[in-house]
Every structure is written in structure tokens, then in C-alpha cells.
Amino acid sequence: MLAGGTDLLPNMKNDLTAPTALVSLKKIQTLQGMTYVPGKGVVIGARVTQNGLVRSSLLNQKYLSVSETAHAMANYQIRNRGTIGGNLVSAIPSADLPPILIALRASVTLEGSHQARTVPLEKFFTGPRCSVIARDEILTEIAIPDQATTGSAYIKFGLRRSGALAVVGVAVSLIAEGMHVEEARIVLGAVAPTPIRAREAERLLTGKTVTEAILEEVGRAAASECKPISDIRGSEEYRREMVGVFTKRALRKALNLTTSDGSRKTG
Amino acid sequence: MKQEEHAVIGRSVPKIDGRVKVTGEALYAGDLRFPNMLFGKILTSPYAHARILSIDTSEAKKLPGVKAVITHKNVPRKKYGISPARYDENIFCIDKVRFVGDEVAAVAAIDEETVYKALELIKVEYEVLPAVFDPVEALVPGAPLVQEEYPGNINTEIHHSFGNVEKALSRAFHVRKDTFIGHRTTHAMLEPHVSIALWAGDRLTLHTSTQKPHYIQYYVARMFDMPMGNVRVVKPFLGGGFGGKEAAMGLDFAGAVLARMTGRPVKMFYDRQEMFLYNRGRHRQIMELTTGVDRDGKILGVHANFIMDGGAYTANGIATAYYSGALLTLAYDFRNYKFDMIRVYTNLPACGAQRGHGTPHPRYALESQLDRIARDMNIDPAELRLRNARKPNAMTPNDLQVNSCELKACIETAQKASGWKEKKGRLPRGRGIGMAASGYISGAGYPIYRTNLPHSSALIKVNDDGSAATLYTGAADIGQGSDTVLCQMAAEAMGFRYENMSVVSADTERTPHDFGAYSSRQTLMSGTAVKRAGEMIKKQILETAGQMMEVDPAELECRDAMVFLKRDPTVGQPFAKVAREHFVRKGLLVGHGSYSPPKLGGRFKGAAVGTSPAYSFATQVIELEVDEETGEITLKRAWDVHDSGTVINPALAEGQVHGGLYMGIGEAIWEEVRFDEKGRILNPNLAEYRLPTTLDVPMFDSLIVKSSDPAGPWGVKEIGEGSSVPTEGCVSNAILDATGVLIDSLPFTYEKVWRALEKKRIVESSMKSCE
Amino acid sequence: MEQVRDNKESVKRYAIELTVNGDAHTVVVKANTLLVNVLRDGLGLTGTKKACEVGDCGSCTVLLDGEPVDSCLVLAVEADGHEILTVEGVAQNSQLDAVQQAFIDKAATQCGFCTPGMVLSAKALLSRNPQPTEQDVREALAGNLCRCTGYVNIVRAVLAAATKQASEKGV
């Protein structure tokens, strides 16, 4: 299935995949577009490009963290072609959109020769480059349901400031009143075969009033929950440590304690 | 004549090829099309070390669209390389392959897709042999032997000793011995190699992406036993070289053979992965450095004991090995110097010359060590450098003659421009400022093969009506702007206008001999030839004008395309009118000139390497921030202060500095070629071989100090490579200042910095708990 | 787009229609033909460069319906019916675009291999953001690698072009 081609074509050129036929999704109009559907939430067509996510006034309004995540991906040219559906279906462990979408409770609709089904994104990924999508299914839309989040954020840590895969990616979504956290969702990317919820870290945060010490504890918990590998971009040990660091930073951001570049606000 | 008085040089005129580059009209080798042209590629080895048992090309030959397939059986078996002292490559491997990427066969076919398919159909039977990927391991007796003629895998061994280093170190107040590791990087120029071969009878033409048409002509003629006059090498527009496009390659040789066999032009090309395999980039160096200083931090002696990983072939590496040690004596004044070097063969892609040619890593080592000495002795690093800075008109211990040298002014200007004194020791936590100094050659004193040919020559032809002039130069514009700068020099010398110049360059049939673009030689060497050619024109112009005006030519001057009486500049004749008159009365108005450097250097083995008619000097300062939690480095600002003699085109000189800083910074922090346990490159692409993007580097500041060297035309020296030499050391010192941690190897990846900081934190917290 | 009669190799070919630099072209391609190769080899527009062919460097950048894309990652069939601007189409009737002129004035080209991609990315930036900050420029060009210039003069050129265009509009 060909959407943007920014993952498929390089894989074909590097002999990682050799399809005998490509089916372009270009002409399926229902895969485009983004709307708000009462009861369903923000519904995003699978073929919306990453730049489409960046520019969407609907997303900027309701879930700025998703637009900001898209903005951190690849570079401008790639974002003009790469699609949200393609990013999800590629199921690359270091992909940026899955963590923030999972934090925001997103679900995806899969349509094929059988009846259409909706799968929570959290249950969509099964392993590196593997998901529950069947060979005869297309991912058609992503829905972010209405929810009581007070702040969400995704921080990507890459080895340069553009065109870099995440070495570690941390997404958070909170229901908080001031520094008091009622509910937390923390999702880690690039440090396990799939994006994972850091449930122990969430538990340590829930019902607490945030202090530096709490953040430290939460970060350490998240670090212990991930299962990173060592590869050309970083060692397992480093990734684990960085999960701790960026969990704290993402939480600070979602609690509105930092400016958009991650630096601490004064006062 | 004071620089301000020059008419053309010293001005930032727009590049002569600027327009064709912004419109896409400029044709690079890969853009050229010839009628009936075929496409060709080379089959490479998947193994790091293996015997070739058989090669079966029959299936490939049968593929529709394939016109020829060749192996070692179809090409001369003569060994080639760059330095005659180390010809160790064959066009195609005969008995064995020596690295993943070694060249085994080639195909010519009607289009790219067919060529790629045909390569897959060539069946090579290999017997895999044990391989060695580390130079230290390769030196161990019993290690796999890469090249049969080089026992112990020793490619080049150097032992130089000047003065008495042992005595100097024993007298020293403070001695430091550190081992630094410089890493393997590659040029990563954007344009991949392309070579198009075509024959006309017995004459071969190569349109090839090269920095040095002459040498390609020489090597190709030699390989095929042809007179050089039957080999024409043309450099089209070139998309970057940095030392990586200086050799005759398999693409050139195989292309020539395939073109001969098929009777059709053949375009040979590499894709990006193959660029990484071909490599010829910077050597990994293990550098043990011992430096002794007196109470004031004055260097008394230095012992450099280095091992280089040369990869599977020499390429230009024998020169690199000598350069690594030769230029360490340039920037600082000390008499006692010992240099021991072994360049080792391994089963990895061959290394050769890359911007700075062997000197950036040793520079990183010495500059880092000096900052550590400064820290040990509580001396400001800038002050330490001032105390040791080379002065003009000096001879280094290894017999390199320095004429002009404004290093002291560079250091002082760098201090001022960067706010060094206000910042050093006073920056907020995690922020640091570092300095490094260096020197570099303005052209190699000796050519690569033994010859008494002049190093450069040039021809200028003035148009019949005198309204335009064409410069013919063998010098190669590889992006640095030599076409532009040489036209400025031609116009200046002639008394003509840059705007009316055109240039034909780097075509061995159409342009006079020049060794080409390497060792930062062209502004000085090609420039001298051009200046002489221009002066010859001017002399004829003044003579003819003298006749026309009935005055003694000595009373005339020519400037900005006007000939005028010195004593009354309002009286004169336009250059064009005089030129036309000259053509009518006396014939073609042409000028020519050539240049050979004087005999340079000492009498010891390898003394030639490092010699140069003039040396540039530089000081760089970098300010950066380290995120102490992650090790991430953010560059804040960078300054380069250069002594490059007279500057012909300030904007282009600045551009070289920007690029030099960029490359040095990229190599210092982000870039590294990495291998798996089978010698395969892990990151043969421009995503994981991390070049900094626009978001990773700040604006750079380029400053020039006033200087002029008697060896250069109008006093010029180099800037293109010298601006990348101190950078790794500068980044190293800035990180030391920012973090207080000593890191002994390149690159400074975020993880490496983080580990060093972690270690420091652990030490500090355990010390605290002891209190 | 029309499928053209199979040839004896049974490889499907398609006749596609591209508008390139304002000119309509009909080209016959295979499913796996890349846009960059149609432009360079099919139409002889070699200004668009191939440096990595996998979307890492931006040298092959063209504007597809006004938006920068890596043409090495676009199949020709996907471009059927669309408008493409290559570097050859930027100057109008020998008049250089403000970005092109600024690249010349600010010495923003060295080897020039990244220049076509840079010019197009910059041109697209100024269309959507006529008064970019330095950071905006750097973000817009982050997908275009340059090995020669350190980006210094390129960024200066784009900012200068923006200023020039703004003053011409009387802003």
C-alpha cells in the first residue's frame, strides 16, 4: 500500500522489501481531511500528511502536542509526503506519532474485505514493524476522543535537530490541577519493540502533588520499565537513562512549567 | 602597491559561475549526455577478506540490454595508486578481495535499472578469509595479511627525530602524556563520483568528477600504455571534493575499457552507498602525544607516536602519514621533536586525503593536550598559545621554512572578537569557550610523482577587438571559486576588468598544465602562473599603446581596461582599442606564465612532505553549551581568525572558512563511519552518517588579519583547508571548558559526553560522601 | 493516466501527464519510475540533482503543486496530473528570482550541488512566510544538506531575498 512513500520507497531502494505491485491510496477521498465529530472526537484521515497535522488549526486548537510532534519529524520535504497512517502502519519502534496519540487515547479504524473494526492504538502495535493490521486491511482514520486532559506533550530526543530518528521519545497526557496530578498517561517510544505505557511511573504520579523529588522518582520508574536495545544510535544504558530525563522534561512541559523549547520557565 | 590600491583583487566580486549554478544550467558529470551512451557500474565484494575462486559473468551477459561485462581478465594487471612508492591497487581484484566494497567486475548496459540487475547476476565464488579491522590487531604477528608485499601489515613506517626530545622532556617543568583517538570520517560531498569515457579512434576522453585532471591523465595513460597526448581529461562542474576526488579510479579505468569494447560512451557512476565504500577519507589515528613545557608553559619538546588505520590500500595515505607529523611543528616554536608513525593495512575501505590531509586529528591531540597543560599549570589557554606562537621568518625543526606568520595577531584578534577574557572562566554552568591554533600549507612543495614539470601554467587570450579576454588554466574549480579568483588575478595583472573575463579550466586538451586542486595550492601556485600571464599581456599592451601614443611604455599604466599616462591619467587609450591595434599590427595578443616552487625542505627521508612556499595560520574560538543531563551539545558561536596573506575575494575566503568550520564541527561531534564485526559499514547513508543540518550549526564569524607573504602573488596564502584544521581541537577545548571532563576520543557524541559527565558525577559524589 | 499496451516483457507502462515549469508533457513510464529520473532523463532537466536517492539530503527537491518534496521519493505515476516546478523554471524570461539573485549576491553557492534544492525550498518558504526569521529559514531548509557553506551565506541570502521582496511590495 502506497501512501506517502517516505518509508516504503527507501526500503525498496535498499532491498529491504520487494513488492511486485503497489496499490496507491491516493484516490480514496475519504482518507483525506480532518474534522471534529461530536461523540467521536477529532477524526483524522489516514492520508493526512505530517505537514497537514502541523498546519491544522483544529489540531493546534485541541491537541497542540500532536502538531508539535509532527513538526519534530524528519524535515519539511518528507513531511509534505509522509502521512499519519503511513507512520502508524510502518510500526517503526522509534516513530514519533504513536506515543503522543496513545497518550491521547487514540484509536484507529481498519477497513478491509471483512467488516471495519476500530482498535485502540495502544493495542495496535505488536512488535518492530508489526501491527494487528491484516494483509487485506487499510488503516482509514485515526480518532482522538474528547477527553479531560489539562496538558499533553511529546519530547523527541534525537542525535541532531532535524532528520533524526528518536533515540528516546516520551509522550505524556495529564489531568492536573496546578501541581496536583489526578491522572497521568506516560508513553515511551524508541525504547521497546513497540511504544509502551510506563504504568509504574503513572502510578507513582497519580494523586500526587508534583515536586522535583516526585519527578525524579517517576523518571526512574519509567527508566526501569523500558526495554531498549543498543544500536548505532545509542546504547541500552544511555537510552534507559534518557528515558528518565525526558520523562521528567515531558511532565514539566505538560504541567506548563517549561517553554516550548524545553527550557525551564523562570518563576 | 597597497591592497587598497588594487583594482580587482581584494573585491568580493560575484562568482563567475554563480548564475549557472542558481539556474540549474551548470552541468556536472552526472548531467552529461552523449549520443548512444551506456551506463556502467562496478560489482563490489560483500566480504572483507576473501579469495576469489571464480567469476561467472555468463548470466549477466545474457540479460537483455547488457552490452559488456568485464573482470580482471579484460583489463591491464598493472598496479596503480596515487604515490608511485605505493602502487598497490588493481583495477579489479585478481586473487582476492581486501575489504567490503573492493572492486571485482563491471557492467555496461542501456540504462541504470538494467545495470543494477546485471550486477546481481554476476556470480562470484569466494573463499572467506579471516579479516582484521583494527590497526593494533593488524600489527600483531600472525594477523591476517592484507597485502602480500607488506609483511606485518605495515604500509608506511616513519621515524623522525629532530633535536633531542628525551633531554628536553627530562628538563621540562611539566610533562604530559596523553593518548587521543581520532576517528574515521569521510568527505560526504554531495555529488557522487561519475566518470564518462568515450573514444575517438585511439584517443580517449574522460569527463570525470575529479579535482586533478592532470594526474588522472597521467595515471590513465600509464595504465593503458598510451601517450598522455591521447588521453583527454575534462572536469565538468564539480559537486564537492574535499580530497575525495583526487585519484584515478576503477570508474575511470573500467569505463575506458567498457567504452572501448562497446564502441559507445559509457557513464560509470557510484550511488551514495558506494561513495562510502570507495571512501579514501580521513584516517583513524591512535595518537600518543608527550609534551614537555617549562615553568612558563613554553614547549620544550614533543614526541608524537602515532598509529594510523590505512584500510586495504594506500591511496594517498603515505603522504597522509607524513603530513600527520610534519605540520605539528608549524604553529608553535619548539626545537625538539620526535615523530614515530606506522600506517597499517586493515580490511576496511582505504583512507586517503581529506580536508587538512592528515593534520586535523593530530591538531586535535596537541591542542587538547595544551589546554590540559594550561589547566594543570593554571595558565590561560590563550596566553599559553601566545607564549608559544610561531613568529615569522623561522625554520621549524623539520626544516619547513616559515616566511610570513601572523599567528600572534590571530590569537589576539580571536580573543577580542570572541570576548575571551570576559568569558573564560565566567560562563554559566554547562557553557564553555575553547580555542585552538594551527598552520597549513599553501600548496605542496613537491608533486605527487617525480617530475620537473612546472606546477602550474596559464594562458590568457585577448579577444580580437579587445573587449573580452579568456583565461585558460588547468586549475580545477571544485566549488571553492578558483575560476573566479584566478580571473580576478588575471584581470588585475593585465589591467583589465573582471567583468569581461571568461575562463576555460581543467581540461587537459584545452587548458595548460596544472596539478589541480589539492593541498590548498591553487590561489598561490596557479595564481602565480596567471599573474605572470597577465603581466605578459600588460607588457604588450603598454608597448603597443606606447607606439600609438608615441610615448615610452615606462610612462604608461593600465588599470580597469584603460591605458593612461602615469603623469596625467586623463590622457590615455581604452585597453580594447590598444588590444585590437596590437592584433592588427603584431598578431595574437596572448600571455602565458608558469610557476614552480623553489627547492624546499631538508634532506631526511620524507622531508618533502610538509614543504610549501608559504604557510597560513589560524586561530579558532568556539562557544558551546552542554546539556549536562543528556550530553547534547549546542553550538552557540564560532570564530575563525586567519592569516591567509592577501585575500583576493573576501566573500569567497569567508565561504571557505564557513565550510571549514562546518566540516570540522561535523567531524568533531556528529560524523563517524562505523563498521559491524564483518567489516561492513553500518551507516553508509546521509541519515546515520550525520552531517549537521541548518538547525545544528550557528552563524560563523570569519576574520582576516593583515598579512602578506613574499611567495604568493600579491602576497596570497591559503584558507580552504587551514580553516578546518584547528576545529576538532577547538571543540574539544570548549567541551573541556564547559564540563571539566577529559574526553580522549572523537567524535564527541552526546552519549560519550554524557558518560564522561556521569563518571565525573560518580567521582564527585563519592568524594562528597568521604567528607 | 492511461495504461499503455503491454510490451513483450509484460511490464506495465503508463502514459502520465505532468506540467513541468508551466509546460505540459506526456511521458510513458513504468510503475517504478521515479519523478527525479523522469525530470532528469526523460525531460533533460538536469538541474534537479541525485545525491543520496533516499530522501536524506534534499538535493532532488522540486515543488509539487507548490510544496517542496524529495523527487527521489515520488513515483512518476503519483505526479500524474500535478504541477512541478524545478530550478529551471524559477527564473522567468531570463529574470532571476529574488532568491536566485540573493544567492549570487551573498556568495551562497560554492560547489552548487545543493543549490537547486535550496533555491526551491527557499522559494516555497517565502511564498508561505514572506517575512521569516532566521530560525524560520533554518527550519525550512533543514531538509537540504550542504557540505560546502556551513549554511551561513545561504541563510543570509534567503533573509536578504525576503527583505528585497518585501520592499518591492512596499511593505
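Two strands count as paired if DSSP finds at least two bridges between them. Helices (H or I, at least four residues) and strands (E, at least two) are DSSP runs, numbered from the N terminus. This is a predicted model, in which local features need pLDDT of at least 70 and side-chain atom pairs count only at pLDDT 80 or more, while totals for chains, interfaces and linings use all residues. Residues are numbered from 1 along each chain as its sequence is written, and chains are lettered from A and ligands numbered from 1 in the order in which they are written.

Start in chain B. Select strand β2(B), residues 50-56, and strand β4(B), residues 96-97: they pair antiparallel over two bridges. Ala50(B) faces Val97(B) of β4(B) here.

Zoom in on Asp56(B), whose bridge partner in β6(B) is Lys123(B).

Now show chain C with chain B. Residues are in contact if their C-beta atoms, placed from the backbone, lie within 7 Å. Chain C puts 42 residues into this contact and chain B puts in 45 residues. On the chain C side, select α2 (98-105), α3 (115-128), α4 (134-140) and α5 (152-168), each of which supplies at least two residues. The largest share, four residues, comes from α2(C). Colour the chain C side by class to find 22 nonpolar, twelve polar and eight charged residues. Ala, Val, Leu, Ile, Met, Phe, Trp, Tyr, Cys and Pro count as nonpolar, Asp, Glu, Lys and Arg as charged, and the others, Gly among them, as polar.

Finish with chain A against chain B, where twelve residues of chain A meet 16 residues of chain B. Helix α10(A), residues 236-254, gives the most to the chain A side, with three residues.

How values were computed:
Contact = placed C-beta atoms within 7 Å.
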